[in-house]
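Trainee: Can we go through this one together? I'd like to start with the helices and then jump around.

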Amino acid sequence: MPPGLRKRRRKQMIVLAILCLASATVVIGYGAREGIEFYRSPTQITQNPELSRDETFRLGGLVESGSLEFDGPVVRFSVTDGAHTVMVEYEGILPDLFREGQGVVALGSLGPGSFVATQILAKHDENYMPKEVMDILKAEGVYRPPE
Amino acid sequence: MFALYCRDVRLALRSGSASALSVAFLLTVVVTVPLGVGPEPQSLSPIAPAIIWIGVLLASLLSLERIFFQDHEDGILDALIAGPLPPEVIAAAKAGAHWTTTGLPLILAAPVLAWFLHLSAEAWRWLVFSLVVGTPAVSFIGMFNAALTLRIRRGGLLLSILVLPMCIPTLVFGVDVLTRAELGQSPVVPLMFLAGLSFLSAATLPFAAGYALRANLD
Amino acid sequence: MTNPEKSAIDGESSGQNRAPDPRRRSLWEFANPSRFMTVSGRLLPFATALTFCALTVGLGWGFILTPDDYQHGATVKILFVHVPAALMAVNAWMMMLATSIIWLIRRHHVSVLAAKAAAPVGLTLTLIAITTGAIWGKPAWGTWWAWDPRLTSFLILTLFYVGYIGLWSVVEEPERAADLSSILCLVGSVFALLSRYAVVFWSQGLHQGSSLSLDSQTHIDNAFYFPLVTCIAGFVLLFVTLVLVRTRHEIRMRQLRILRSRRLHP
């Protein structure tokens, strides 16, 4: 009796494990499909505004040169990705590295006429690094194995 | 298997200390952090998700050693392994019992304690959910490492060094659920990853732990 | 129970970093190690000499003969230690994973001892990578440390090495220690990989994008490229040599232990 029971229990356990693994795959797969998006581009928003209504999300792109204007405490500027442009309205202190022509990520939601941001992050990837070092670091990436 | 699970839960409840102790530990964390950080809601609120999650993680660590220790001392574990249940089933039952006796009380206590840390209402709504989805992974990871360090006297320190790095993904996604909820974003994605981690741990770690148990009890 | 699908790694590829694997004919404690000892003993002088040559040439070339980077001056030369160390820190764990799996499936003693021998070497390389990275980071980014995903995952890798070495050090019975540490290595690999993805997610999800992007492929100037390749080769050889020496040491210790117990209980 014991060996038979043992085998049966083990079989049940393996079936259970396979079920768990399958659910893990489904759930992670679903998450991965949704999760790639860290921010939306102005093109995505202009072409499909319904998708972005009533939702908080991150808007990413370049601050259009010459679009920055101050209106008391309120800052207005346009974020562009070359093809489309979205107006952004923000009340608060801009980060030090916020510049026209540079990358920006704004968190907020679509308001009437413009994107109302609650938080502004400057994308300062290459800014504080000498270009040559950057190139070397990039080359360095060639030799690192994918971990 | 179910009988073993019930027995473990009953034993833990009868002694009662494990569940109460871990909740008390979480309370201690919640009390000490504001004393270090300062009482202002605006400084506590942003770190509240991290404090709760790290507190839950550390509190579950406390009772890990007990998963196998008592049964090993009494020789019950040897009998169990020799008995009709395969070791991975025993391991899974043990992890389940640990979750019921430690994870569940922590999940019930967390929303109350979160109020003290000024966790925002948006994040608070998701707190219990993220803990329910995430803590099984912690119990399974802990159970596996407890099986590894079963015979080591005073293995508690090594156990925590082994468990905490493995819990990093759980912590990251668990906190991210709350952070996203706080910012008004949809927390579904990290929640999915969190569930994935729990499923993955539940599927694989009992077998690894079963192997470790057999190696330890040869 | 030991993930049979992983058995693909078993076989020829086993010695990816270790020199000729002894043929596994017997599982008996002594036969295989003795074969390994002969082969590795013959190989060791060559490995040592090659390591010495490659490192002297690579580092000498890199430190003395390469031009200073005109933006960055001489600090760029730390590249010749930093990159190979970081590369081998990860590869050392891969090798430990491979040899641990071989142990779990084939019960091959040399294999698991090689994993044990590689762990401190890997840990040292990880620490070297982090330290040189910090020294380089100060002039390059203006900070010793940033919670960049790559830096963070190296720190996490350190923890996994420490845990693995810790487990070996507290379990006394060699066979049991081998079993437990191998299964830890297997599970740890999965979770180290998960941590890696989690850290990338964490860094992108909460903060601005990583401060360094190492993904795109730009070519490095030839003046830096060739000494770098030589240095990488030197570090690979150094790793192989160190692991050979340490594995031989482990085997001798094991033999000593057996001899001693024989004398005590004849």
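Trainee: Take helix H4 of chain B, residues 48-62. What span should its 15 residues have at 1.5 Å a residue, and how far apart are its end C-alpha atoms?

Mentor: Keep in mind that this is a predicted model. At 1.5 Å a residue, the 15 residues of H4(B) should span 21 Å. The C-alpha atoms at its ends are 21 Å apart, so the two agree.

Trainee: Which residues of H4(B) are buried?

Mentor: Among them are B:Ile51, B:Ile52 and B:Trp53. Further along, B:Val56, B:Leu57 and B:Leu61 are buried too. The list also includes B:Pro49 and B:Gly55.

Trainee: And what covers the buried residues of H4(B)?

Mentor: Several helices of chain B. The cover includes H2 (17-37), H3 (41-44) and H7 (87-116). It also includes H8 (121-148), H9 (156-166) and H10 (168-182).

Trainee: Switching topic. How many residues does the contact take from chain B and from chain C?

Mentor: Chain B gives 22 residues and chain C gives 25. On the chain B side, H8, H9, H10 and H11 (188-217) each supply at least two residues. H11(B) has the largest share of that side, with eight residues.

Trainee: What classes of residue are on the side of chain B that touches chain C?

Mentor: That side has 18 nonpolar residues, three polar ones and one charged one.

Trainee: Now chain C itself. How many helices and strands does chain C have?

Mentor: Chain C has six helices and zero strands. From the N terminus on, its elements run α-α-α-α-α-α. Of its 266 residues, 45% are buried.

Trainee: What about contacts in chain C with a separation of 6 or more? What percentage comes from residues 24 or more positions apart?

Mentor: That figure is 78%.

Trainee: Let's pick one residue there. Where is C:Gly62, and is it buried or exposed?

Mentor: C:Gly62 lies in helix H1 of chain C, residues 31-65. The residue is buried, because 23 other C-beta atoms lie within 10 Å and the cut-off for buried is 20 or more.

Trainee: What is C:Gly62 in contact with, leaving aside its neighbours within four places in sequence?

Mentor: Its contacts are C:Lys77, C:Phe80, C:Pro227, C:Leu228 and C:Cys231.

Trainee: And how are C:Gly62 and C:Lys138 separated?

Mentor: They are 76 residues apart along the chain, and 20 Å separates their C-alpha atoms.

Trainee: On to chain A. Which strands pair with strand S1 of chain A?

Mentor: S1(A), residues 57-63, pairs with S5(A), residues 103-110, in the antiparallel sense over six bridges. S1(A) also pairs with S3(A), residues 74-80, again antiparallel, over two bridges. Look at A:Leu62. It stands opposite A:Gly103 in S5(A) and opposite A:Thr80 in S3(A).

Trainee: How many of the seven residues of S1(A) are buried?

Mentor: Five, and the strand is mostly covered.

Trainee: Last one. What is the mean pLDDT of chain A?

Mentor: The mean is 72, and 69% of its residues reach 70 or more. Among its elements, helix H4(A), residues 131-143, has the lowest mean at 44. Strand S4(A), residues 85-91, has the highest at 87. Over residues 124-147 of chain A the pLDDT is below 50. That stretch still has 56 contacts in the model beyond near neighbours in sequence.

Trainee: How should I read coordinates where pLDDT is low?

Mentor: Not in detail.

Notes. Residues numbered from 1 in each chain as written. Chains lettered and ligands numbered in written order. Predicted model: local features only at pLDDT ≥ 70, side-chain atom pairs only at ≥ 80, totals over all residues. Helix = DSSP H or I, 4+ residues; strand = E, 2+ residues; numbered from the N terminus. Buried ≥ 20, exposed ≤ 12 C-beta atoms within 10 Å, placed from the backbone. Contact = placed C-beta atoms within 7 Å. Expected span 1.5 Å × (residues − 1). Nonpolar A, V, L, I, M, F, W, Y, C, P; charged D, E, K, R; others polar. Pairing = 2+ DSSP bridges. pLDDT = per-residue confidence, 0-100.
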